[in-house]
Amino acid sequence: MSGRVYLDYNATAPVRPEARAAALDGLQAGNPSSVHYEGRHARALMDKARRDIAGFIGGAHEGLIFTSGGTEACNMAAKLSAAPAGGVQRLVVSAIEHVAVSKAAAALGLPVQTLPVTPHGLIDVPALATVLQDPTPALVCVMLANNETGVVQPIEEISAMVRAHGSLLFVDAVQAAGKMPIDVAALGCDALALSGHKLGAPMGTGALWARDGLVTPPHMQGGGQELGRRAGSENMVGILAFAAAAKASGDTLTDFAAMAAWRDDMEAQLRAAFPELEVFGAEAPRLANTSSFSLAGLSSEMLVMALDLAGISVSAGSACSSGKVSRSHVLDAMGVSDDLSKGVVRVSFGWASRASDAETLVETWSRLAAKQKSSEKIVAE
Ligand code: PLP
């Protein structure tokens, strides 16, 4: 990616050098289920990775199940219930959840209630209180940080309400991990999902952490790996890289937090040039690396393409729907007008970003936006 400015870390982070080195160890690893030396060595490496990743979120390592990524972890989480069985009779899913959560919830056949958000992208806490007046036990699904806006939810407040109700709380922390400190005990959640590639590991690895006493039915039949919770020989390359990326991310959280200054500066410059610029979620606590903004009358699709031709990679809203620019359900839930929603661009910084990347973005986006505004044809550089 040399010469390019990559500002799409919420879609995926470039693989960190530490993760690359660990992946090579994984390539040489045996099968952790084997009893011989190679198997035992692989098991030891995997156990250490499990402890490291569980430690990264402050959870017990026994509760961590390796998965193929965030999507699988979210799908497993949707089926969580309290041991020995049952308990959950409905799902309460925030309107801004990733489709990995909302579609998994919808597929279960249980009643699903949607939790609205405020215009700032925060969960409507009084609406949750109303939903929890119904004594029917629920699995409440609220993400820690949103992939499009970066808005961070008040999970501690939400978990206290859910716990008092006797229900369960699942937190999708796929975007938050590595971008802010995470401690499952402080959050008070029952389960939490992670994805390796958002942290700088290769794609295809993730984890579901669940507290003791929760069960999720095995969704694949086969061997007894992961204590019978997820069948199939483990992805040693991905798991070792995931642990290395988690460690590197955890060690550099302070650098990450400093990105908020570039982000705020970038938004201030854009606002100075275009006073009618709308920055989504700007009034709420946000991840330091994320900015989602728009100007009425612009086209995201054209902007993303023109920025790409100018050497800058950003996304038009949701990362997982990049490639086909569709309406953002997150902005819809926040009540953003059609005109603004159509022009949204999401910028997300990460471990290899520099302050100059933000400056390049400001300069190029401003020029392209001005051209679009004056209905000039965008010409690639
Ligand atoms: N949850 C959130 C909030 C996400 O942003 C994503 C991916 O962008 C996922 C879940 C799915 O993760 P994965 O790409 O590892 O399947």
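**Ligand site and domain interface in a predicted model**

In this predicted model, a polar side-chain atom of Asp172 is placed 2.6 Å from a nitrogen atom of the ligand. The ligand is surrounded by 13 residues, a residue being included if one of its heavy atoms lies within 4 Å of the ligand, and the closest are Gly70, Thr71, Asp172, Ser195 and Lys198.

Some conventions apply throughout. Residues are numbered from 1 along each chain as its sequence is written, and side-chain values use heavy atoms, with hydrogens and water left out. Because the model is predicted, local features need pLDDT of at least 70 and side-chain atom pairs count only at pLDDT 80 or more, while totals for chains, interfaces and linings use all residues.

The protein chain is divided into domain 1 (5-13 + 254-380) and domain 2 (17-251), with bounds that come from an automatic or database domain assignment. Taken over C-alpha atoms, the centres of domain 1 and domain 2 are 28 Å apart. Where the domains meet, 27 residues of domain 1 are in contact with 29 residues of domain 2, contact meaning heavy atoms within 4.5 Å.

How much area do domain 1 and domain 2 bury between them? The value is about 2,300 Å², 59% of it on carbon and sulfur atoms, where buried area is the accessible area (1.4 Å probe) that two parts lose on being put together, summed over both. In domain 1, Leu287, Val330 and Met334 lose the most area to domain 2, together 25% of what that side buries.

Between domain 1 and domain 2 there are zero salt bridges, a salt bridge being a side-chain nitrogen of Lys or Arg within 4 Å of a carboxyl oxygen of Asp or Glu.

By the salt-bridge rule, the count comes to 14. Among them is the pair Lys48 and Asp52, whose closest N and O atoms are 2.7 Å apart.

Methods:
A polar contact is a pair of N or O atoms within 3.5 Å; within protein, one must be able to donate a hydrogen and the other to accept it, and residues adjacent in sequence count only if both atoms are side-chain atoms.
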